[in-house]
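Colleague: I'm new to this one, could you walk me through it?
Modeller: Gladly, let's look at it together.

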Amino acid sequence: HMANGELPSAIVDVRSTDPIPEIPDSAIDTFEDYLYEDLGNTLDSYYTSGIEGSVQRQTSVVQEGSTSLEITTTNGGTSRLRSQPSDGLPNYPSAGDNFRYFFRISKADTGSFSDGVSLVFGTQADNDWYRIQYTSSGTFRLVNQSSGFDVISSSSITLASNEWYRVDCSWQTDGSFSIDLLETDGSLLTSLNATDTTYSSGGIGYLVGAESSITGYVDGVQLI
């Protein structure tokens, strides 16, 4: 006779086995193990459109979860990676979506122009995309790079080095953008507003560039 809930001694109880975490429906790239190690993937698996420079997932400097993306560049260089929808990330933002990411930079105020940290989206090819950029010379801006470098909205602001910040982007089907730069607690720092219909879908990627050595971090890229 067995009490309710007991199993015969010959049957192994596997009910306590930790399940593989489910991928959140909102994930674009959180850089967590459930998108990588648990599935046998690396950055090369998702970013087949090109990785340049020093790029790695790391666990020392994070905003959400246990892993973030670290991008380092040296004098006059740019490190980057780009993923297209065929590369297999869970989601890619398109017109009609709202999305969020966190970023951090080792030198937020260089006193001279620097490419700083950028997230690119609607990507078609290298330098053919929308770009949300914080430059280390103190500018937060939205750029259309379909044919050159067209700054379609810009705000002057100097951020702190080695601090996390949050970006919330609303990309409407009519081409209107509302992009908020916030503290991680949700305090609004500045906003960008623009309308542009060049792209309505595409890939996603990240860039760090500088005249001197600089490290940028990206974390928690997700639909909201």
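Colleague: Let's start with Asp 168: buried or exposed?
Modeller: This is a predicted model, and in it Asp 168 has a relative accessible area of 12%, so the residue counts as buried.

Colleague: Which side chain does Asp 168 meet in a salt bridge?
Modeller: Asp 168 meets the side chain of Arg 100, with a distance of 2.7 Å from N to O. Arg 100 belongs to strand S6 and Asp 168 to strand S11, so this pair ties together parts that lie 68 residues apart in sequence.

Colleague: How many salt bridges are there by this rule?
Modeller: The count comes to six. One of them joins Glu 37 and Arg 57 at 3.2 Å, N to O, and because Glu 37 sits in the loop between strand S1 and helix H1 while Arg 57 is in strand S3, parts 20 residues apart in sequence are tied together.

Colleague: And what does Glu 52 pair with?
Modeller: Glu 52 forms a salt bridge with Arg 80, where the closest N and O atoms are 3.9 Å apart. Glu 52 is partly exposed at 38% relative accessible area, whereas Arg 80, at 14%, counts as buried.

Colleague: Changing topic, what order do the strands of the open sheet take?
Modeller: Seven strands make up the open sheet, in the order S2-S5-S14-S7-S8-S9-S10, with antiparallel pairing. Strands S2 and S10 stand at the edges with a single partner strand each, so one side of each has no neighbour in the sheet.

Colleague: How many bridges join S7 to S8?
Modeller: Six bridges join these antiparallel strands, and Ala 125 stands opposite Asp 128 in S8.

Note on methods. Residues numbered from 1 in each chain as written. Predicted model: local features only at pLDDT ≥ 70, side-chain atom pairs only at ≥ 80, totals over all residues. Heavy atoms only, no water. Pairing = 2+ DSSP bridges. Helix = DSSP H or I, 4+ residues; strand = E, 2+ residues; numbered from the N terminus. Salt bridge = Lys/Arg side-chain N within 4 Å of Asp/Glu carboxyl O. Buried < 20%, exposed > 50% of the residue type's maximum accessible area, 1.4 Å probe, protein only.
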